[in-house]
Amino acid sequence: MPAHESPELVGLFTAYTAGPASIGAHLREGAARARASDPLLVVTGADMALYPGDGRSPTVLGFRLSTRGFKELAAISHLGPALASLAELRRQEPDGIWRDDAERLLEHVRRSRGANSTALWREQIAAPAYRGREEAIATMVDYACDLTERFLLRAVAEPTHLTHQSLRENYLEDGDSPDLPVSFNRIMVATFFLVGMDNSHRLIAWCDGQGIDWSRAMVIIAGQQGRPTAGVTWRTSSVASGVLAASRHKLPLSRLYMAPHAPVFATPVDGDLSEVVALEPVMRQLWAGTRATVELGASMFAGYPAFSPGDEHPDQHAEETIDPTNTSDTVITERPWISSPQDWFALVTRLRLVMEDPRQLLSGAVTDYAAQQLVAHDNDPLAITVPGLDDEPYPPLPTQT
């Protein structure tokens, strides 16, 4: 039997909250009109659009899946979780599907190693942020593939070698073995950093070129960011960290809204911005309506404690610090502060955090640090250190014919 609803009380409910003629709708519309001249920055999982205001045409920057080298570097960074997944599959079912998966991964690793070269990174992928580091990246990728191939070959020949402990000791962690001059943990940090550095470099340059008045900017991080549970707060969103850095922390945190359920536009094809344009009034009402409701709080409850979104300018005091000499009972709730590119305990701890905390983006482990370093060095990628890539003892890249 359906629940009974009183038409009169339902009508009272809808008078404020539902329909285009409701009081709430009128408040959103009025708030949007009052802010029609303010710049609106909308960021989706793959693109960002700046609406300058007053009906002027938007501009769009693709920053993730369409990024040069993103998938190639992600393929390398994913080798660590791939081997850990194989170890877990074998633990669950020693005679199960893990062997077929391992052999298929081995084939892809070999093909990738054969395709990798300095020329690939310099002439074909050709990401501006990687300029000057192409040979170093190719060398790292070759070493990563070689290290992974050797581990997989032994795992297939000696299944008892495929354990989580063996993976840590012979692949992931730093040690004294000459067969492991660079641990894969460092490679994962390097690949995540490179992706974050490229995204942040282009985002900073693009925002600088738009002349955004950050004190008036309306910013919405919309839709899904990475895995379904990730990036729903400003502290767990690498995109939010990048936007804050691009503003040189002039954007008040109270003007940045995370809207995981908001509608998004598809990546424009062939310069067609019609879908982006059509979404502007929806997004202006979303931001302005949210803001209008927030501002009602001060007028309705004056004299009571006010809400604050927290630290306006994230820094070392806003993030956790950890003691590497005492970790037996250590539990952290936020990404630890990175004191330098050689702070490997904090860097690798971040790798664990983004794996275990479903709010985090895996690729966001060090994006905020990359963005901070770029801002501190005038957005020059060659002026900063890429941990796990620069100054590491990778074997020379084999000569290719």
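Visitor: Which residue in β3 is the bridge partner of A49?
Guide: This is a predicted model, in which local features need pLDDT of at least 70, side-chain atom pairs count only at pLDDT 80 or more, and totals for chains, interfaces and linings use all residues. Residues are numbered from 1 along each chain as its sequence is written, and side-chain values use heavy atoms, with hydrogens and water left out. Strands (E, at least two residues) and helices (H or I, at least four) are DSSP runs numbered from the N terminus, and two strands pair if DSSP finds at least two bridges between them. Strand β2, residues 47-51, and β3 pair in the antiparallel sense over 4 bridges, and in β3 the partner of A49 is V60.

Visitor: What is the order of the strands in the open sheet?
Guide: The sheet has 5 strands with mixed pairing. Its edge strands, each pairing on one side only, are β3 (59-62) and β5 (256-259). The order is β3-β2-β1-β4-β5.

Visitor: Is H161 buried or exposed?
Guide: H161 is found in the loop between α7 (134-157) and α8 (164-172). Counting contact as heavy atoms within 4.5 Å, H161 touches F151, R154, A155, S166 and N170, leaving aside residues up to four places away in sequence. Buried means under 20% relative accessible area, exposed over 50%, and partly exposed in between, with a 1.4 Å probe and protein chains only. Because its relative accessibility is 9%, H161 counts as buried.
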